Amino acid sequence: MSEIPKTHSRYASLALRERLVDGFLSGLVAPQGLIAHGRGEMFYYLLGERTTKEARAAARAGAALLLGAEHPVISVNGNVAALCPGDVVRLADATGARIEVGLFHRSDDRLSKIQTVLEEHGAKDVLGFLPDASIPSLEGPRGMCTRDGIFSADVVLVPLEDGDRAEALVSMGKKTIAVDLNPMSRTSRMSTVSIVDEVTHALPELLSCVEDMDGDAEECARALSRYDRDENLRQVMARIGENLAGR
Ligand code: PTJ
């Protein structure tokens, strides 16, 4: 990892980049993951590089979905494994969710490295290496999943998910929680709850909402009834518009 002085005005952003590059060099991140991160950076910049109140409201609704789920699953790809494996494990522990590695650019080597990183952070029974089911309408390796995990899940958290996969999960009747900095992406527009925030901020925010609402069914119902995905995304886009206009 190259040395970035902590005093650099863009330290946080550059440090995330370094984690991605490190993840790429160690075989966790697909080359395409570096490009996807750049796209995310651009949206994050336009959002003012902070967690908005819309993202907080979405995280609260997402936490309510996770707490109400019978069989929640957190789907992990290369970028998420490089950026925040510990946050994934903490959220899985707090919600009883299973963790499944689901890759867009699937390879056994990358899958096994991602599984190892998650285990090093305390994950047990990581699913994904031996797929025994497939997501209908997704051809080839992209559709591979496990029967005990994503296939039978009622709620799936999909950070940085490709639009086709997100759409296919919704078509299976699952509730999905997306984390995606692009409010216009198909993933954001299709998911039951869409958190438009940088993933290393979104997962801790989700965890803090889970801890706050655990056991409080009334508060969970309130968070869900207050959340309107399309309106939330409109407000995020209005924020981007205002930032672009320099207001
Ligand atoms: O590891 P694999 O093989 O599963 O591949 C992972 C990538 C991310 C390459 C794959 O899922 C992919 O191609 O995704 P997309 O279609 O590029 O979508 C990724 C979305 O995540 C884009 O809308 C980005 O804006 C967004 N994004 C990128 N980095 C972040 C992010 N959202 C939140 N936090 C980020 N750090």
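Which residues come nearest to the ligand? Of the 23 residues around the ligand, the nearest are Phe104, His105, Arg110, Asp180 and Glu198, where "near" means that a heavy atom of the residue lies within 4 Å of the molecule. Keep in mind that this is a predicted model, where local features need pLDDT of at least 70 and side-chain atom pairs count only at pLDDT 80 or more, while totals for chains, interfaces and linings use all residues. Residues are numbered from 1 along each chain as its sequence is written, and side-chain values use heavy atoms, with hydrogens and water left out.

**Around the ligand**

- Glu198 puts a side-chain N or O atom 2.6 Å from a nitrogen atom of the ligand; a polar contact here is a pair of N or O atoms within 3.5 Å.
- Val199 uses its backbone instead, with an N or O atom 3.0 Å from a ligand nitrogen.

**Helices α1 and α2**

- The axes of α1 (residues 11-25) and α2 (residues 31-46) come within 9 Å and cross at roughly 165°; helices are DSSP runs of H or I, at least four residues, numbered from the N terminus, and axes are lines fitted to C-alpha atoms over the stretch in contact, with angles from 0 to 180 degrees between N-to-C directions.
- That angle is why α1 and α2 are roughly antiparallel (under 35 degrees counts as roughly parallel, over 145 as roughly antiparallel, 65 to 115 as roughly perpendicular and the rest as oblique).
- On the α1 side the contact (heavy atoms within 4.5 Å) includes Leu16, Leu20 and Phe24, and on the α2 side Leu34 and His37 are among the partners.

**Helix α3 and its two partners**

- α3 (residues 53-68) packs against α9 (residues 199-213) at about 60°, with the axes 8 Å apart, so α3 and α9 are oblique to each other.
- This contact draws on residues including Arg56, Ala59 and Arg60 of α3, plus Glu205, Leu206 and Cys209 of α9.
- α3 also packs against α10 (residues 217-226), at about 130° and with the axes 8 Å apart, so that pair is oblique too.
- In the α3 and α10 contact you'll find Arg60, Ala61, Ala64, Leu65 and Leu67 of α3 with Glu219, Cys220, Ala223 and Leu224 of α10.

How values were computed: Helices (H or I, at least four residues) and strands (E, at least two) are DSSP runs, numbered from the N terminus. A polar contact is a pair of N or O atoms within 3.5 Å; within protein, one must be able to donate a hydrogen and the other to accept it, and residues adjacent in sequence count only if both atoms are side-chain atoms.
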